Amino acid sequence: MSDTYSKAQTAADFILAKTTLRPRIGVVLGSGLGSFADELADPIAIPFQEIPGFPRSTAEGHAGRLVIGNVGNVAIAAMQGRVHLYEGYKFEDVIFPMRVMGRMGIKGTVLTNAAGGISEKLEQGCLVILNDHINLQGANPLVGPNDSRFGLRFFDMGNAYHPPWRQLALREATRIGINVHEGVYVAVPGPSYETPAEIRAFRVLGGDVVGMSTVPEVIAARHMEIKVLAISCVTNLAAGIGSDPLNHQEVLEVGMRVRDGFVALLKAVIPQMAAEL
């Protein structure tokens, strides 16, 4: 086995030995959004540092735990936090948890993040169901030797964000009464926020929201043929749109403010997603 494949399998075996549950869906909870994992039934929590080979999150608002439990009758594995390029990690570290989820047998994933709003139609606190992305993080996380046991060297990204799940999330968010939109995510390395000129450029490119995560995980998931639903919480208006300086505390505060609606949405969509797997 390749080193990465072997490490991912070892980590997956370690996690599955901790529980009788066999998750079908993985959830990654971004900045300020980790409280969803506290809602799971019959949970077991494993700190990232206890999982062999797992990178440790250092960002504020990322608890750094993997919580396995149930949403209704659906077993899921929820990551309270993730790691980012700006923490000094390499792409292979950033996508390692997704590799592990694939080896655990997960077939669908919900990726969430806090993002800056580029489009003028967006308001602070709204949710955006992602329908595409623009990768400006400097490289593709799969550059290098390909292990065919993960997936094909060349694979389609035309519908990277599973269309039926996008429609499901939009429908359920509207039913619950959440301010929801659909849009394109621009991924940048961080950690500094973007300049007003960069935001103007991103808008010309077709971006609706901007953030520092998610895209590497989407690419790794699709490499393994894991279906993806991705949701951004607009925690701030991007540079040049809002009048106040950007800061991470605001990101965390808005995440807490939208908590109830966000949790309700995930509880509504996950059982319906699982029915397709």
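**Exercise 1. Determine which strands E7 pairs with and in what direction, and whether strand E7 is largely enclosed.**

Step 1. Strand E7 is joined to strand E8 (residues 209–211) by 3 bridges, and the two strands run parallel; like everything that follows, this is read from a predicted model. Within this pairing, valine 186 stands opposite valine 210 of E8.

Step 2. Of the 8 residues of strand E7 (residues 180–187), 7 are buried, so the strand is largely enclosed by the rest of the structure.

**Exercise 2. Find the largest cavity and describe its lining.**

Step 1. A search of the whole structure finds 1 cavity of 30 Å³ or more, and about 40 Å³ of space lies in the largest cavity.

Step 2. The residues that line the largest cavity are Val28, Met79, Val94, Pro97, Met98, Met101 and Glu217; by class, 6 are nonpolar, none is polar and 1 is charged.

Step 3. Helix H3 (residues 96–104) gives the largest share of this lining, with 3 residues.

Step 4. Glu217 is among the lining residues and is also one of the buried residues of H6, together with Val215, Pro216, Val218, Ile219, Ala220, Ala221 and His223. Because 8 of the 9 residues of helix H6 (residues 215–223) are buried, this helix is largely enclosed by the rest of the structure. Just after H6, glutamate 225 takes a positive phi of about 60 degrees.

**Exercise 3. Classify the aromatic pairs of tyrosine 5 with phenylalanine 150 and of phenylalanine 54 with phenylalanine 96, and say which parts they tie together.**

Step 1. The structure holds 3 aromatic pairs. In one of them, the ring centres of tyrosine 5 and phenylalanine 150 are 5.2 Å apart and the planes stand at 55 degrees, so this pair is tilted.

Step 2. Tyrosine 5 lies in helix H1 (residues 3–16) and phenylalanine 150 in the loop between E6 and helix H4 (163–176), so the pair ties together parts that are 145 residues apart in sequence. Both residues, tyrosine 5 and phenylalanine 150, are buried.

Step 3. For phenylalanine 54 and phenylalanine 96, the ring centres are 6.3 Å apart and the planes are at 70 degrees, so the pair is edge-to-face. Phenylalanine 54 lies in the loop between strand E2 (41–47) and strand E3 (65–71), whereas phenylalanine 96 lies in helix H3, so parts that are 42 residues apart in sequence are tied together.

Step 4. Ring pairs link Phe48, Phe54 and Phe96 into a cluster.

Key:
Residues numbered from 1 in each chain as written. Predicted model: local features only at pLDDT ≥ 70, side-chain atom pairs only at ≥ 80, totals over all residues. Heavy atoms only, no water. 1 Å grid on protein atoms, 1.4 Å probe; cavity = no way out; pocket = protein on both sides within 12 Å on 5 of 7 lines; lining within 4 Å. Points joined across faces, edges and corners; volume = space filled by probe spheres on them. Helix = DSSP H or I, 4+ residues; strand = E, 2+ residues; numbered from the N terminus. Nonpolar A, V, L, I, M, F, W, Y, C, P; charged D, E, K, R; others polar. Buried < 20%, exposed > 50% of the residue type's maximum accessible area, 1.4 Å probe, protein only. Pairing = 2+ DSSP bridges. Phe/Tyr/Trp six-rings, centres within 6.5 Å; stacked < 30°, edge-to-face > 60°.
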